[in-house]
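Here are my notes on the model, point by point. Please read them alongside the coordinates.

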Amino acid sequence: MQVSTLSGAAGSRTGRRRRVNHDVAHLGLGPLLAVVADGLGSSPGSAHASRTAVELLIGHAGGGVDGLRAAVVAAHERAATHAAGNTTFAGCALTALAECADGFWVVHLGGSRLYRLRRGLLELLTADHTMAWLDTVHSPPPFGPPATNPTRRHLTRYVGHFDRPAPDLLRLDVAGGDVLLLCSDGVSGQVAHTRIAEVLGSPGAPEAMVATLLADAEAAGGEDNATAVVVRADRHAPAGTPPQLSRR
């Protein structure tokens with residue numbers, strides 16, 4: 001399928017339980033770079049890790065997959081250096097979707113998520129790097145699904161981890177009609193899967209979808225910073241139409 005137009009929106013809320021927002025969102029459409037970085041805990045170092053990871057992805061995305069890998073390596077080092085110099089924790093979850101010369105690529109570390117709504121089916125395209133996810137996949141879940149499991153905040157991989165883990169890299173086909181959501185666990189942990197599908201399937205603009213999801217997260221308790229980026233791909237061009245890619 002040939003995508004003719006991409007549109008999108010990004011937004012973030014502090015929520016009701018935290019005093020500051022350590023999440024960072026970025027959206028660029030020409031070429032596409034959508035990023036959600038979720039600062040871990042309440043340390044100022046995690047706010048630094050989120051900002052730095054996004055800045056590095058923006059700077060390296062033009063280098064394709066190798067550039068995306070290099071951005072994560074650099075983000076690990078920057079977080080470690082900051083933590084050592086300030087004797088404070090520095091880390092963030094990171095999920096990004098980047099348009100490269102050979103297609104769209106997903107970069108993922110931690111508990112933030114990427115969803116895709118295609119023809120009415122909402123799929124989670126990333127795996128949470130959490131103990132809750134491992135509990136759910138490998139044994140009967142003792143606490144219910146990952147979103148309600150208290151160990152969902154026990155991350156096994158994230159930017160700033162002492163072991164410098166590599167990110168998951170996934171090549172993604174984007175088809176006309178797809179609606180993509182990148183979000184922090186402040187959204188996915190509070191807004192039900194069925195509700196996310198309903199919002200992404202609505203006829204509204206991406207700005208309205210983001211606003212609704214963030215409002216839903218706050219109405220559910222606002223337990224965490226909530227951040228969302230929605231990207232919508234218009235229907236593919238009719239057969240015989242020269243392929244073009246424009247953005248608004």
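1. Which side chains meet in a salt bridge at 2.7 Å, N to O? Those of Asp178 and Arg118. A salt bridge here is a side-chain nitrogen of Lys or Arg within 4 Å of a carboxyl oxygen of Asp or Glu. Asp178 sits in the loop between S8 and strand S9 (179-183), and Arg118 in strand S6 (residues 113-118), so the pair ties together parts that are 60 residues apart in sequence. Asp178 counts as buried, at 1% relative accessibility. The cut-offs are under 20% relative accessible area for buried, over 50% for exposed, and partly exposed in between (1.4 Å probe, protein chains only).

2. Basis of these notes. The model is predicted: local features need pLDDT of at least 70, side-chain atom pairs count only at pLDDT 80 or more, and totals for chains, interfaces and linings use all residues. Residues are numbered from 1 along each chain as its sequence is written, and side-chain values use heavy atoms, with hydrogens and water left out.

3. Overall fold. The chain has six helices and eleven strands. These are DSSP runs, numbered from the N terminus: helices are H or I with at least four residues, strands are E with at least two. Of the 248 residues in the chain, 50% are buried. Take the contacts between residues at least 6 apart in sequence: 69% join residues at least 24 apart. Contact means heavy atoms within 4.5 Å.

4. Other salt bridges. The structure holds twelve salt bridges. One of them joins the side chains of Arg17 and Glu223 (3.4 Å, N to O). Arg17 is in the loop between strand S1 (5-13) and strand S2 (23-29), while Glu223 is in the loop between helix H6 (206-219) and strand S10 (226-233), 206 residues apart. Arg17 counts as exposed, at 59% relative accessibility. Glu223 is partly exposed, at 37% relative accessible area.

5. Helix to helix. Arg195 and Asp216 meet through their side chains in a salt bridge (2.6 Å, N to O). This pair links helix H5 (residues 193-200), which holds Arg195, to helix H6, which holds Asp216, 21 residues apart. Arg195 is partly exposed, with a relative accessible area of 27%. Arg195, Glu198 and Asp216 are linked in a network of salt bridges.

6. Val179. This residue is in strand S9. Val179 counts as buried, at 5% relative accessibility. Its C-alpha atom is separated by 7.0 Å from that of Val230, 51 residues apart along the chain. Beyond neighbours within four places in sequence, Val179 is in contact with residues including Tyr115, Leu117, Leu200, Met209 and Val230.

7. His161. This residue lies in the loop between helix H3 (131-138) and strand S8 (168-172). His161 counts as buried, at 10% relative accessibility. A polar atom of the His161 side chain lies 2.9 Å from the backbone nitrogen of Asp163. Leaving aside neighbours within four places in sequence, His161 is in contact with His76 and Thr156.

Technical notes:
A polar contact is a pair of N or O atoms within 3.5 Å; within protein, one must be able to donate a hydrogen and the other to accept it, and residues adjacent in sequence count only if both atoms are side-chain atoms.
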